[in-house]
Amino acid sequence: WVAIPHLYHFSFKFVYDRLSVPFAALSFVLGGTIGAFASRYMHRERGFNRFFVLYSLFILGMEMTALAGTIETLFTGWELVGLSSALLVAFFQERPAPARNGLWVWVVYRVSDAALVLAAVVMHHLRGEGDFDRLLGAGPWPDEVSLMTAKQALIVGSLLLIAVAGKSALVPFSGWLPRAMEGPTPSSAVFYGALSVHLGAFLLLRVSPLLDKSATLCTGVVVLGLMTAFFAYLAGSVQTDIKSALSFASLSQVGFIVAEIGLGFRYVALVHLLGHASLRTLQFIRAPSLLQDYRTIEDAIGRRLPRAETIWDRMAKGRDLTWLYRLALERGYLDRALIQYAVSPFLQALRWCDTLERRWTDLLTGKASRESDEVKVHFGTSDEFS
């Protein structure tokens, strides 16, 4: 696209290797499966055509990301996935909750995308290009040897890890995952059970040679993955609806996949990713009919089916675990922590800038300026999404 001799060049390139081909094939197979399911599941929904337009953008973004040979190509597909995901979360736009949750997902994606852009800028500053084969070394995946130093790998890898955490709902960004269940079941299945939630793990696999250069980065990846798996297990065990329970079950496995990548088990992580995505797709599209089957069985036997013993039943024997149960029910207070320690200071800084601007305007014009229009967005508390 752009070439500045001896400084920068931006190229649009696809690669076909041991990593990209399986993930691209998985995206096509699961995308086609969900598309066939959605054509019947949503045939009477308003916005049927809108769903499939956004769904097509999502599949295009997944294929571009899977086959990307440069950071610019990957970012293009990454953005298409994020945009279509947020719009499909807000698909039922006549209700306030989907629109609010879609906005929340979009904001988290903005943080993730900003980290990915910064990583691309640093890569160009260090190497003058965003080509993965020049950055990560030539050779078949995952045997490349990165040309970066340990310090450079740590800087770029840390930025990419933030991008991965936002896209795959790793801690501390895990709070958006249950909110995304506001979208239609087919999009929930393919996004947050099968493909989109694994996109961060795929990016880690793509840049895995960077991990070999920095033991600190590998440790951070493993710790983040295990923390996410533990959090998702606790939060998923107290969910009262099947889609949220499945989403947290999916997140728990994504956490283990990320930990496997940090430990160096690249092929194990790839096989785990492919198998887990296929399993969750089946579970998500089976969920609506499963609930109907349960009702039919309970009507036939005249009582509710017996409840299986949970982890809380086993742990609570002789102990008061109210605090732990509440922590899981409130999903670790992650949303509240982000609002209080990230969103609120950012908004206060913007309000301060607005006040300073109006003071200068008043001074230069000699009269009071109009008050700025302030749009107050209410994201809600975790109780509203239980």
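The model is predicted: local features need pLDDT of at least 70 and side-chain atom pairs pLDDT 80 or more, whereas totals for chains, interfaces and linings use all residues. Residues are numbered from 1 along each chain as its sequence is written, and side-chain values use heavy atoms, without hydrogens and water.

The lining consists of Gly-157, Leu-160, Leu-161, Leu-204, Val-207, Leu-210, Leu-211 and Leu-217. A cavity is a set of points on a 1 Å grid over the protein atoms alone where a 1.4 Å probe fits but cannot get out, and lining residues have an atom within 4 Å of a point. Three residues, the largest share of this lining, come from α6 (helices are DSSP runs of H or I with at least four residues, numbered from the N terminus).

The structure holds 16 aromatic pairs (rings of Phe, Tyr and Trp, the latter by its six-membered ring, with centres within 6.5 Å; planes under 30 degrees apart are stacked, over 60 edge-to-face, the rest tilted). Phe-48 and Phe-52 form a tilted pair, 5.0 Å centre to centre with 55° between the planes. Both lie in helix α2 (residues 48-67), four residues apart.

Two charges sit over rings (NZ of Lys or CZ of Arg within 6 Å of the ring centre and within 35 degrees of the ring normal):

| Charged residue | Ring | Distance from ring centre |
|---|---|---|
| Arg-110 | Trp-106 | 4.0 Å |
| Lys-167 | Tyr-109 | 4.1 Å |

Terms used:
On a 1 Å grid over the protein atoms alone, a cavity is a set of points where a 1.4 Å probe fits but cannot get out, and a pocket is an open set with protein on both sides within 12 Å along at least five of seven lines; lining residues have an atom within 4 Å of a point. Helices (H or I, at least four residues) and strands (E, at least two) are DSSP runs, numbered from the N terminus.
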